[in-house]
Amino acid sequence: MGSTQVGNVFIEWLGHAGFVLKGQGRVVYIDPYMLPDGPGHEGDADIILLTHEHFDHCDPESIRRVRGSTTTTIIPEKMSLQFKGDARRIDAGDLLTGDLAIKGVNIEVVPAYNLDKPNHPRGDGVGYIVELDGVRIYHAGDTDLIPEMKDMKADVVLLPISTLFTMGEEEAAEAAALIGPKVAIPMHYGCVECTESDPQRFKELVNEKDPRIEVIILQDK
């Protein structure tokens with residue numbers, strides 16, 4: 001299973017940290033990467049959210065494939081990649097909500113960084129909380145377990161579990177328990193070299209900490 005539904009929102013894992021969210025008549029891509037072969041993604045993005053510039057999160061070929069003439073692309077301030085059309089620079093702490101919502105979709109830009117690794121310095125990348133049809137979905141980006149997570153509110157959390165570059169299974173389970181969502185989905189493992197991890201272990205750890213959280217392990221394409 002590469003997808004699931006929470007409320008009226010359809011969530012599809014594209015592999016690694018790439019997701020498609022569909023709800024309230026909008027299609028939102030986050031870090032599209034390693035798109036499956038075949039039709040179904042060409043130019044259908046209403047919104048593209050990019051977390052940072054690393055190749056496995058900012059893949060120009062995948063972005064070109066899903067980006068249409070009316071797509072809005074949201075880009076962290078530190079990214080050097082340039083886009084034509086509707087492209088907006090953001091930084092952690094920005095609230096694209098209410099009158100500033102993107103095509104009616106509320107988006108909160110949140111911090112994402114490493115505490116004790118050099119890969120993702122604070123300020124280089126971000127995570128997002130996207131609200132569709134009343135469902136709040138937190139895509140953590142590439143991050144460790146950071147203090148800001150205690151203030152985050154989400155119904156669904158998409159958390160990285162590849163220990164070398166981000167949180168591992170144990171930290172990610174702590175993050176899930178700290179935020180307290182209805183659903184937790186592991187990501188950022190198994191698709192790229194040096195991101196091997198154990199999603200089943202993540203599930204067990206989350207259930208030990210808070211059995212009320214449903215852990216859904218999606219299969220990439």
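Is His 139 buried or exposed? At 0% relative accessibility His 139 counts as buried, where buried means under 20% relative accessible area and exposed over 50%, with a 1.4 Å probe and protein chains only. This is a predicted model, in which local features need pLDDT of at least 70 and side-chain atom pairs count only at pLDDT 80 or more, while totals for chains, interfaces and linings use all residues. Residues are numbered from 1 along each chain as its sequence is written, and side-chain values use heavy atoms, with hydrogens and water left out.

- His 139 belongs to strand 11 (residues 135-139), a strand being a DSSP run of E with at least two residues, numbered from the N terminus.
- Beyond its neighbours within four places in sequence, His 139 has contacts (heavy atoms within 4.5 Å) with residues including Phe 19, Ile 30, Asp 31, Tyr 128 and Met 187.
- The side chain of His 139 also reaches the backbone nitrogen of Gly 141, at 3.1 Å.

- Seven strands form an open sheet in the order 8-9-10-11-12-13-14, with mixed pairing, where two strands pair if DSSP finds at least two bridges between them.
- Strand 8 (95-96) and strand 14 (214-215) are the edge strands, each pairing on one side only.
- Strand 9 (residues 106-112) pairs with strand 10 (residues 125-132) in the antiparallel sense over seven bridges, and Ile 107 stands opposite Val 130 in strand 10.

Note on methods. Helix = DSSP H or I, 4+ residues; strand = E, 2+ residues; numbered from the N terminus. Polar contact = N/O pair within 3.5 Å; in protein donor to acceptor, adjacent residues only side chain to side chain.
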